[in-house]
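My notes follow the model.

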Amino acid sequence: MENALNDITSSIERFMKEIDATQEKIEKIDKELKELRKELEPLEVEILNISSKLRETEHKLHQKLNKVKRVRKLYLSSAQTDRQLQMYEKDYNQLMKDIHKLDKEYAKLKEKYEKLVSKEDKLLEQELKLEEKKANLYSKRETLMRHAENIMKKLSSKINRTRNPQL
């Protein structure tokens, strides 16, 4: 009987150690998640800022393109003197330079945006994996707790039978 009680006691101690180890792993994952979220928050803000800059640049680009259409139309239809032709051509060339500059800026912003979104996706995927690990550890801990509880009930009933042999 004493050996059985010792076995049960050692089982309980083993379960307690496993529960403690699981809790430590959960705390470690929580710490990693916290660090990951600290990294994600500024990244999300930067993505939003770049996204708004992209929209602004795109809007400016469309405005310039519309202006180019108007200047070109004027250039082709209403230019009567050489002076007017030179003026329209100068405006047209300046607008094309502006468009080229805006297009470069847009391409750089788009590239930066895509890199940041890619990085954010990787971090979010990592966060999901950590959350999944954490959920599995919680499940394992609950299973261990139930198992330890069952062992405690068995131990209690054995103790009661030992104390009260007539039952």
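Predicted model: local features only at pLDDT ≥ 70, side-chain atom pairs only at ≥ 80, totals over all residues.

Entry 1, the network. I looked for linked salt bridges and found a network of Arg-37, Glu-127 and Glu-131. The structure holds 7 salt bridges. In the pair of Arg-37 and Glu-131, the closest N and O atoms are 2.6 Å apart. I then checked where the two residues sit. Arg-37 belongs to helix H1 and Glu-131 to helix H2, so this pair ties together parts that are 94 residues apart in sequence. Arg-37 is partly exposed, at a relative accessible area of 34%. Glu-131 is also partly exposed, at 30%.

Entry 2, another pair between helices. I looked up Lys-64 and Asp-98, whose side chains meet in a salt bridge at 3.3 Å, N to O. Because Lys-64 is in helix H1 and Asp-98 in helix H2, the pair ties together parts that are 34 residues apart in sequence. Is Asp-98 buried or exposed? I found a relative accessibility of 19%, and Asp-98 counts as buried; the cut-off for buried is under 20%. Lys-64, with 25%, counts as partly exposed.

I found Lys-129 in a salt bridge with Glu-125, with 3.9 Å between the closest N and O atoms. Both are in helix H2, 4 residues apart, so about one helical turn separates them. Lys-129 counts as exposed, with 53% relative accessibility. Glu-125 is partly exposed, at a relative accessible area of 47%.

I turned from charged to nonpolar side chains. In soluble globular proteins, nonpolar side chains tend to be buried together. How many residues does the largest nonpolar core have here? I found 14, and those with the most contacts inside this core are Ile-29, Leu-43, Ile-50, Leu-116, Leu-123 and Leu-130. Helix H1 (2–77) and helix H2 (82–163) each supply at least two residues of this core. H1 gives the most, with 9 residues.

Apart from its neighbours within four places in sequence, Leu-130 is in contact with Ile-29, Glu-32, Leu-33 and Leu-36. I also noted a second, separate core of 8 residues, which includes Ile-8, Leu-144, Ile-151 and Leu-155.

Notes:
Residues numbered from 1 in each chain as written. Heavy atoms only, no water. Core = buried A, V, L, I, M, F, W, Y, C linked by side-chain atoms within 4.5 Å. Buried < 20%, exposed > 50% of the residue type's maximum accessible area, 1.4 Å probe, protein only. Contact = heavy atoms within 4.5 Å. Salt bridge = Lys/Arg side-chain N within 4 Å of Asp/Glu carboxyl O.
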